[in-house]
Amino acid sequence: MQRTRLAVLVAVTVMLVAAPAATATDHGLRDVTKRPLVGTAVDMSALANDPTYKRLTAREFNTVTPENVMKWETVEPQQDVTDFSQGDALVRFARANHQVVRGHTLVWHSQLPAWLTSGTFTNAQLEAILRRHIFEEAGHFRGRIYAWDVVNEAFNEDGTLRDTIWLRALGPDYIAKAFIWAHEADPHARLYYNDFNLESIGPKSDAALALVKQLKARHVPIDGVGFQGHLGIQYPYPDTFGDNLERFAAAGLDVAITEADVRMVLPVTPEKLATQATYFGDMMRSCVAVRRCASFTLWGFTDKYSWVPGFFEGEGAATPLDEAFQPKPAYFALRDALGRGD
Ligand code: XIL
């Protein structure tokens, strides 16, 4: 036994000494600092089929978010027929790699199953359907999700509530109800409100702040606010992002950057990549500077699988690694910004 252990030790030492000189990407972003957690959205078919993608997902990050597979259309494709298998696979992957999972998302107006959007339900039925969905999904993953994006994208740009199936059926209190149900279904998960274009101080983030303050005053179980962080270099950087995170933290909430990417109008140029790097670095620095900024998640880490080209015509190159998994200046900007963390 002793001898076996010694042999292993010698073998490992030889391997370490013989290893080639470390390159910048030999240590994952996850190893640079304890806070924030650093994560990525995960494309489950890439994880299953692309070994490089899989290796880097495991190496670089300590939190993962399912890009699509915990959305309602995937988990309940037909009414009362649930399928959590892909979410379960991600949870298993995360556990094997000492990662936590951000669940995304319980209540949204998009990627809903057709049976729901084309159905003819009464308001009372829709409330029962939403409640049941939250109990089933959060209940299924109970104890295995670090944080849930309970409600996603509830506001318009002007700060009014978005006109959705949920607002129409339940009224504005659908948000409070969703948090109460989610907490009952999984009491240990951190519960977040999540939205895009929330980075700057302005009408939309003012409305989100007013909402979460009101929820807290009513003792509705909300723990945090997620700032998606979908930026583009053709727009000015949201300079008030850091102050904005601070004011949510000051209201007693955790904050997180949940879907960071920085797109650009193609073609890629060295100048655009340099600008992109400053946007990523600035976003990460804002998170590092705010004690209550718990996590920083990329919405994909390689251009090979990014959602951007499919959704924003003529734009792309929005992630820190290119299509060949080579680090762009943004990758090093993120590392550098993290290096100044605690
Ligand atoms: C996107 C995915 O990345 C795409 O694969 C899918 O086709 C559409 O949804 N805000 C969100 C995410 O909260 O769920 C969205 O993800 C991107 C915008």
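## Arg-263 and Glu-315

In this predicted model, Arg-263 and Glu-315 form a salt bridge through their side chains, with an N to O distance of 2.8 Å. The pair connects distant parts of the chain: Arg-263 belongs to strand 8 (residues 254–265) and Glu-315 to strand 10 (residues 315–316), 52 residues apart. Both Arg-263 and Glu-315 are buried.

## Other salt bridges

The structure has 18 salt bridges. One of them joins Asp-88 and Arg-144, whose closest N and O atoms are 3.4 Å apart. Asp-88 sits in helix 5 (residues 85–96) and Arg-144 in the loop between helix 7 and strand 4, 56 residues apart. Asp-88 counts as buried at 17% relative accessibility, whereas Arg-144, at 27%, counts as partly exposed.

Arg-190 and Asp-223 also meet in a salt bridge (3.7 Å, N to O). Because Arg-190 lies in strand 5 (residues 190–195) and Asp-223 in the loop between helix 10 (203–217) and strand 6 (224–227), this pair ties together parts 33 residues apart in sequence. Arg-190 is partly exposed, at 28% relative accessibility. Through shared partners, salt bridges join Arg-190, Asp-223, Asp-254 and Arg-292 into one network.

## Strand 1

Six of the six residues of strand 1 (residues 37–42) are buried, so this strand is largely enclosed by the rest of the structure. Strand 1 pairs in the parallel sense with strand 9 (residues 293–298) over four bridges; there, Val-38 stands opposite Phe-296. Strand 1 also pairs in the parallel sense with strand 2 (residues 63–66), over four bridges, with Thr-63 as the bridge partner of Gly-39.

## Tyr-146

Tyr-146 is in the loop between helix 7 (123–140) and strand 4 (147–152) and is partly exposed at 23% relative accessibility. Beyond residues up to four places away in sequence, Tyr-146 touches residues including Leu-37, Arg-190 and Ala-294.

Definitions and conventions:
Residues are numbered from 1 along each chain as its sequence is written. This is a predicted model: local features need pLDDT of at least 70, side-chain atom pairs count only at pLDDT 80 or more; totals for chains, interfaces and linings use all residues. Side-chain values use heavy atoms; hydrogens and water are left out. Buried means under 20% relative accessible area, exposed over 50%, partly exposed in between (1.4 Å probe, protein chains only). Helices (H or I, at least four residues) and strands (E, at least two) are DSSP runs, numbered from the N terminus. Two strands pair if DSSP finds at least two bridges between them. Contact means heavy atoms within 4.5 Å. A salt bridge is a side-chain nitrogen of Lys or Arg within 4 Å of a carboxyl oxygen of Asp or Glu.
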